[in-house]
Amino acid sequence: MPKTEIELDRKLKLFIDIFRALAGENRDDVSKETLILELVNTGKYTEQEALVYIKQLSSMVSYSKEKLVCMQ
């Protein structure tokens, strides 16, 4: 796997880990601002990168919800 792909995988894993930690066991809502702040504070993301990851997550969740509705 090329170095850039490995780095993206690590950043995605970090994103997911932070999101899960903020949501907690109860899977509470996480504000976009809080998530951005936490991601930027790791030193691994710029604010722009954090927004890109959030946008990608949002589109994946929307796709999953649509797919679930179609399956019912």
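Reader: Which residues form one aromatic cluster?

Author: The cluster consists of Phe15, Tyr45 and Tyr53. The model is predicted: local features need pLDDT of at least 70 and side-chain atom pairs count only at pLDDT 80 or more, while totals for chains, interfaces and linings use all residues. Residues are numbered from 1 along each chain as its sequence is written, and side-chain values use heavy atoms, with hydrogens and water left out.

Reader: How many aromatic pairs does the structure hold, and why is the pair of tyrosine 45 and tyrosine 53 called edge-to-face?

Author: The structure holds two aromatic pairs. In the pair of tyrosine 45 and tyrosine 53 the ring centres are 5.4 Å apart and the planes stand at 85°. Rings of Phe, Tyr and Trp (its six-membered ring) pair if their centres lie within 6.5 Å, and planes under 30 degrees apart count as stacked, over 60 as edge-to-face and the rest as tilted; the tyrosine pair is therefore edge-to-face.

Reader: What makes tyrosine 45 count as buried or exposed, and what of tyrosine 53?

Author: Buried means under 20% relative accessible area, exposed over 50% and partly exposed in between (1.4 Å probe, protein chains only). Tyrosine 45 has a relative accessible area of 4% and is therefore buried, and tyrosine 53, at 10%, counts as buried too. Of the 72 residues of the protein chain, 15% count as buried.

Reader: Why are lysine 11 and glutamate 49 said to meet in a salt bridge?

Author: Their side chains come to 2.9 Å, N to O, and a salt bridge is a side-chain nitrogen of Lys or Arg within 4 Å of a carboxyl oxygen of Asp or Glu. The pair links distant parts of the chain, since lysine 11 lies in helix 1 and glutamate 49 in helix 3, 38 residues apart. Lysine 11 counts as buried because its relative accessibility is 9%, whereas glutamate 49, at 28%, is partly exposed. Not counting residues up to four places away in sequence, lysine 11 touches Lys44, Tyr45, Glu49 and Tyr53, where contact means heavy atoms within 4.5 Å.

Reader: What pattern does the protein chain follow along the sequence?

Author: The pattern is α-α-α, with three helices and zero strands; helices (H or I, at least four residues) and strands (E, at least two) are DSSP runs, numbered from the N terminus.

Reader: Which helices each supply at least two residues of the lining of the largest pocket?

Author: Helix 1 (3-23) and helix 3 (47-71) do, and the largest share, six residues, comes from helix 1. Among the lining residues are Phe15 and Tyr53, both of which belong to the aromatic cluster.

Technical notes:
1 Å grid on protein atoms, 1.4 Å probe; cavity = no way out; pocket = protein on both sides within 12 Å on 5 of 7 lines; lining within 4 Å.
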